[in-house]
Amino acid sequence: MRRHTRRAIAVVGVVACALTAALCIPSMAQEMAKEKICQLCHQKDQGASPAVTAKYAETLHAKAQGEGPRYNANDGAAGVGCQVCHGPGAEHVKAAAETKKDSIGSPAKLQAREARMSLCARCHAQYEVQGENPADPGFVTDYKYGDDILSKIRLKPMSAEKTKLEQVNEMQNSLHFTSAIGPTCIDCHTGHKDLDPSLPHQTTDAGNAVCLKCHNPETADVRHCTATFPADALCKSCHMPDNRHIIKVAPAG
Ligand code: HEC
Ligand code: HEC
Ligand code: HEC
Ligand code: HEC
Ligand code: HEC
Ligand code: HEC
C-alpha cells in the first residue's frame, strides 16, 4: 500500500509538472525524452493499462544494443522508446481521463497501410533517402508519427547474408509488401501488449497459425502446399528460410 501511495504522489507530481512545465526541474522536455514519465502510469500494477511497461521491458526493442539511431532512438539513450511507436506523448500526459485514450497514437491506430508500414520500415529497412538529402545518410531523420516514408526512400536489394534490420528488403518483391491488402508487420508481430514469451520474435501466433489466420488451407494456392508437403511442414521453412521474409517462392518446375 505504501508503495502505491508513493507512486501516486510521484504521478501527481509529474502531472503537476506537466501542467506547469516551465517551473519543473528537470524540464518537461527532459522528462518526455527519458520516458520515465510513461512508466509512472503504465506500471504493472496501475489500473490504466496493466503490465504494459513490464511486457515492453521484455522486448528486444527495450534491450536493443548497437550503433546508430536505429538502436539509440530514445533521444540518444539505448533502446527504442515508447514515443518512437506511439508518437509524441506530451499532450497525452496532460490530457484529462476522458480524452487520455484518444490523445496518443499507436501503430495499430494508423489507418493508412503506408503509414503503418513506414513506422517500422524506418528502422527495419535498408535504403537510400531520395531527394531532400543529397548526402544519403541512409536513415530518415525528420520522420514524424504517421508519415509515409515509403514514397521517399529507395529500398536496396536484400543482402546475400542475413542482416538484422532489413525485413522490408526481404519482402519487397512479395505481394505481402506490394499488395494494398498484404499484411503489415503488426499483423504477425505484437508491439508488446499480447506478448507471449514462449513465441519467438514477438510473433502473434505459434507455428503455421501465424499464416493460416489469413490463408485458408482449402484454397487452391495453399492446398498446393498443404497437400504436397507433410502435414507438419512449416510454412516458414519454405516461404521464410532462415527467418527471412521473402514469402514469394519461385514457381516449382
Ligand atoms: C498521468 C498518467 C499517464 C501518463 C504519465 C501516461 N499515460 Fe498513457 N494512458 C494513461 C491512461 C489512464 C490510459 C488509458 C485510457 C483509457 O483506456 O481510456 C492511457 C493509455 C495509453 C495508450 C493506449 C491508447 C489507446 O489507444 O488505447 C498508450 C499507447 C499510452 N497510454 C502511451 C503512453 C506513453 C507513450 C506515455 C509517455 C509519453 C504515457 N502513456 C504516459 C495514463 C497515462
Ligand atoms: C515497437 C513499437 C512499440 C514501442 C517501442 C512501444 N509500443 Fe506500445 N504498442 C505498440 C503496438 C503495436 C500496440 C498495439 C497492441 C500490440 O500489438 O501490442 C501497443 C499498445 C500499447 C498500449 C495499449 C495496450 C492496451 O492494453 O490496450 C499502451 C498503453 C502502450 N502500448 C504503451 C507503451 C509504452 C508506455 C511504451 C514504452 C515503455 C511502449 N508502448 C512502447 C507498439 C509499441
Ligand atoms: C527506432 C528503430 C526501430 C523501430 C521504429 C522499430 N524497430 Fe523493431 N527493432 C529495432 C532494433 C534495433 C531491434 C533489435 C535488432 C537486434 O539487435 O537483433 C528490433 C527488433 C525487432 C524485432 C525482433 C524481436 C525479437 O525478439 O527477436 C521485431 C519482431 C521488431 N523489431 C518489430 C518491429 C515492429 C513491428 C515495428 C513497428 C511497429 C518496429 N519493430 C519498429 C529497431 C526498431
Ligand atoms: C506474414 C507474417 C509476418 C509479417 C508480415 C512480418 N513478419 Fe517478421 N517474422 C514472422 C515470422 C513467422 C518470424 C519467425 C518467427 C520464428 O522464429 O518462428 C519473423 C521474424 C522476424 C524477426 C526476427 C528475425 C531473426 O531471425 O532475427 C524480425 C526482426 C521481424 N520478423 C521483423 C518484422 C518487421 C519489421 C516486419 C514488417 C516490415 C515483419 N517482421 C513482418 C512473420 C512476419
Ligand atoms: C494478415 C493476413 C496475412 C497473413 C498473416 C499472412 N498472409 Fe500471406 N498473403 C496475404 C494476402 C492478402 C496476400 C495476397 C495479396 C494479393 O493477392 O494481393 C498474401 C500472399 C501470400 C503469398 C503469395 C506471395 C506472392 O508474392 O506471390 C504467399 C506465398 C503467402 N502469402 C504466404 C504466407 C505465409 C507463409 C504466411 C505466414 C508466415 C502468411 N502468408 C501470412 C495475407 C496474409
Ligand atoms: C516445402 C515447401 C513449402 C511449404 C512447407 C509451404 N509452401 Fe507454400 N509454396 C511453396 C512453393 C514452392 C510455392 C509455389 C508453387 C507454385 O507456384 O507452383 C508455394 C505457393 C504458395 C502460395 C501461393 C503463391 C502464389 O503464387 O499465389 C501460398 C499462398 C502459400 N504457398 C502459402 C503457404 C502456407 C500458408 C504454408 C503453410 C501452411 C505453405 N505455403 C507451406 C512451398 C511451400
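Modeller: A residue is called buried if 20 or more other C-beta atoms lie within 10 Å of its own, exposed if 12 or fewer, and partly exposed in between, with the C-beta atoms placed from the backbone. By that rule 19% of the 253 residues of the protein chain count as buried. This is a predicted model, in which local features need pLDDT of at least 70 and side-chain atom pairs count only at pLDDT 80 or more, while totals for chains, interfaces and linings use all residues. Residues are numbered from 1 along each chain as its sequence is written, and chains are lettered from A and ligands numbered from 1 in the order in which they are written.

Colleague: What makes Ile 247 buried or exposed?

Modeller: Ile 247 has 20 C-beta neighbours inside 10 Å and therefore counts as buried. Ile 247 is found in the segment after α14, where helices (H or I, at least four residues) and strands (E, at least two) are DSSP runs numbered from the N terminus. Ile 247 also has a positive phi of about 65° although it is not a glycine.

Colleague: Which residues is Ile 247 in contact with, leaving aside its neighbours within four places in sequence?

Modeller: Taking contact to mean C-beta atoms, placed from the backbone, within 7 Å, Ile 247 is in contact with Met 171, Ser 174, His 176, His 239 and Met 240. Ile 247 and Met 171 also belong to the largest nonpolar core, which has 10 residues; such a core is a set of buried Ala, Val, Leu, Ile, Met, Phe, Trp, Tyr and Cys residues joined through C-beta atoms within 7 Å. The elements that give two or more residues to this core are α8 and α9. A second, separate core of seven residues includes Met 32, Cys 38, Cys 85 and Leu 119.

Colleague: Which residues come nearest among the 19 around ligand 4?

Modeller: A residue is near a molecule if its C-beta atom, placed from the backbone, lies within 6 Å of it, and of the 19 residues around ligand 4, His 124, Cys 185, Cys 188, Pro 200 and Asn 243 come nearest. Helices α8 (113–124), α9 (167–171) and α11 (185–188) each supply at least two residues of this shell.

Colleague: What supplies the largest share of the shell around ligand 6?

Modeller: The largest share, five residues, comes from α13, and the residues that come nearest to ligand 6 include Asp 221, Cys 225 and Cys 238.

Colleague: How do you know whether Ala 209 is buried or exposed?

Modeller: Ala 209, in helix α12, has 12 C-beta neighbours inside 10 Å and therefore counts as exposed. Ala 209 and Leu 234 are 25 residues apart in sequence and 9.9 Å apart in space, C-alpha to C-alpha.

Colleague: Where does pLDDT stay under 50?

Modeller: With pLDDT being the predictor's confidence in each residue, from 0 to 100, the chain averages 85, and 83% of the residues score at least 70. The pLDDT stays under 50 over residues 1–18, and is below 50 over residues 20–24. Where pLDDT is low, the predicted coordinates should not be read in detail.

Key:
Two residues are in contact if their C-beta atoms, placed from the backbone, lie within 7 Å.
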